[in-house]
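Hi there,

Here is the structure I promised to pass on to you. Please open it next to this email and follow along as you read.

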Amino acid sequence: MTSSAMASQTRGLYKGAYYALFPQVEATRPPVAPIPVARELVHRAQAHDVLPTKLIRHDDTNFTVSARRPHHHRLFMTADGRYTASYVLEAIRQTTLLLSHTELGVPLGHHFVMWDMGHRLDAELPVLDTASAGLTLDVEVTDLRRRGAVPAAVALEMTIRAAGRAVGTGSIRFNITSPAAYTRIRGSLPTTSAPGLTAALPAPVDPPTVHHTRACDVVLAASRLPGRWQLRADPTNTLFFDRVNDHIPAMVLVEAAQQAAGLIAPRGRFVPSSSRMNFSRYVELDQPCWIEARQDTTENGTTSVRVTGHQNEQLAFVIEFADTAAL
């Protein structure tokens, strides 16, 4: 028997055992990644927000995911046509979700609790053309812990390629919980959004100061202290909330960190080429969250920014942008 046939047989046996243990999963877990990728597999409500286009399995721990690069996007591209850190991080996040559902056995409806994520680009992404229409992410599963047949904790490392060459890396670490376990984790807190849950939004900072044209895309409100802002996230803005959320999505916090970094960086333009982030608790919709940013500039002009978020006087997240350039 060839190695590929053995691998196919092994996967078939695994799936049979998996569904025997968890018969309720069979109706919700797709066996393979469809092409184009279904929006449910990357937790997006709109097809035009789906970045992955194809998944290739090499073995039990190594995969390649292709991801498209949008030609225009309010969050993923700067006014001069360059891709933001949010684009790379969202590609990493969606790759993680796709791989988890189609290859690692995570049922649709389970919750992903992200702890750490980061990226590094060694070069700017090439100009979008027919030869470099997207990214490829070579993914390695570096840690996988299961509870029964379903993963409970996963860590992934990725090599990011564009136009056929390696341009950077990415990483992510997260836990997975069933709907019942997620309800227990939330305790008395809501597990679904409801009318009146969200606090009234404070006035945004001037959109052009954070390189936006729409006030609804601004996620910071001014405070009385320099380098400090209140988080504001409009749940009616489908760019941030394209599905029901009971807390502020992590990618909204990433956008808040980028906007804060841009406000304190020299000349107001901040293009991160690397990031490290840690999420220690959920940021709730109906309570103020305070964003603080501190920058450091080296002798050669390279700027780094550390952004923190506190809610109820407790640290919720830390996002550090490094090896960056103020342009």
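Below is what I found, going from the whole chain to single residues.

Please keep in mind that this is a predicted model.

**The chain as a whole**

The chain holds 4 helices and 13 strands. It has 327 residues, and 47% of them are buried. Its accessible surface amounts to about 15600 Å², with 54% of that belonging to carbon and sulfur atoms. I also looked at contacts between residues at least 6 apart in sequence: 63% of these join residues at least 24 apart.

Next, have a look at the second largest pocket, whose volume is about 460 Å³. It is lined by 27 residues, and the closest to its centre are Met 77, Thr 78, Thr 84, His 211 and His 212. Two elements give two or more residues each to this lining, namely α4 (250-264) and β9 (270-271). The largest share comes from α4, with 4 residues. What classes of residue make up the lining of this pocket? There are 13 polar, 9 nonpolar and 5 charged residues.

You will find His 211 in the loop between α3 (179-186) and β7 (220-222). Its phi is near 60 degrees, which is a positive value in a residue other than glycine. Is His 211 buried or partly exposed? Its relative accessibility is 40%, so His 211 counts as partly exposed.

**Another positive phi**

Ala 163 is not a glycine either, yet its phi is positive, at about 55 degrees. This residue sits in the loop between β5 (150-162) and β6 (165-177). Ala 163 is partly exposed, because its relative accessible area is 43%.

Setting aside residues up to four places away in sequence, Thr 177 touches His 110, His 111, Val 113, Tyr 182 and Ile 185.

His 119 belongs to strand β3 (residues 111-121). Why does His 119 count as buried? The reason is its relative accessibility of 4%, since buried means under 20%. Which side chain makes a polar contact with the side chain of His 119? That partner is Ser 275, at 2.7 Å. Leaving out neighbours within four places in sequence, the residues in contact with His 119 include Ala 85, Val 88, Leu 89 and Ile 92. Thr 169, Gly 170, Pro 272, Ser 273 and Ser 274 are also among the contacts of His 119.

**A loop residue and its neighbours**

Finally, go to Arg 39, in the loop between α1 (3-21) and β1 (52-57). With a relative accessibility of 36%, Arg 39 counts as partly exposed. How far apart in space are Arg 39 and Val 50, C-alpha to C-alpha? They are 6.0 Å apart, while 11 residues separate them in sequence. Val 50 is also one of the residues that Arg 39 touches, together with Arg 44, Ala 45, Gln 46 and Ala 47, not counting residues up to four places away in sequence.

Enjoy exploring, and write back with any questions!

Best wishes

Methods:
Residues numbered from 1 in each chain as written. Predicted model: local features only at pLDDT ≥ 70, side-chain atom pairs only at ≥ 80, totals over all residues. Heavy atoms only, no water. 1 Å grid on protein atoms, 1.4 Å probe; cavity = no way out; pocket = protein on both sides within 12 Å on 5 of 7 lines; lining within 4 Å. Points joined across faces, edges and corners; volume = space filled by probe spheres on them. Nonpolar A, V, L, I, M, F, W, Y, C, P; charged D, E, K, R; others polar. Buried < 20%, exposed > 50% of the residue type's maximum accessible area, 1.4 Å probe, protein only. Contact = heavy atoms within 4.5 Å. Areas by Shrake-Rupley, 256 points an atom, 1.4 Å probe, with all protein chains shown as cover. Polar contact = N/O pair within 3.5 Å; in protein donor to acceptor, adjacent residues only side chain to side chain.
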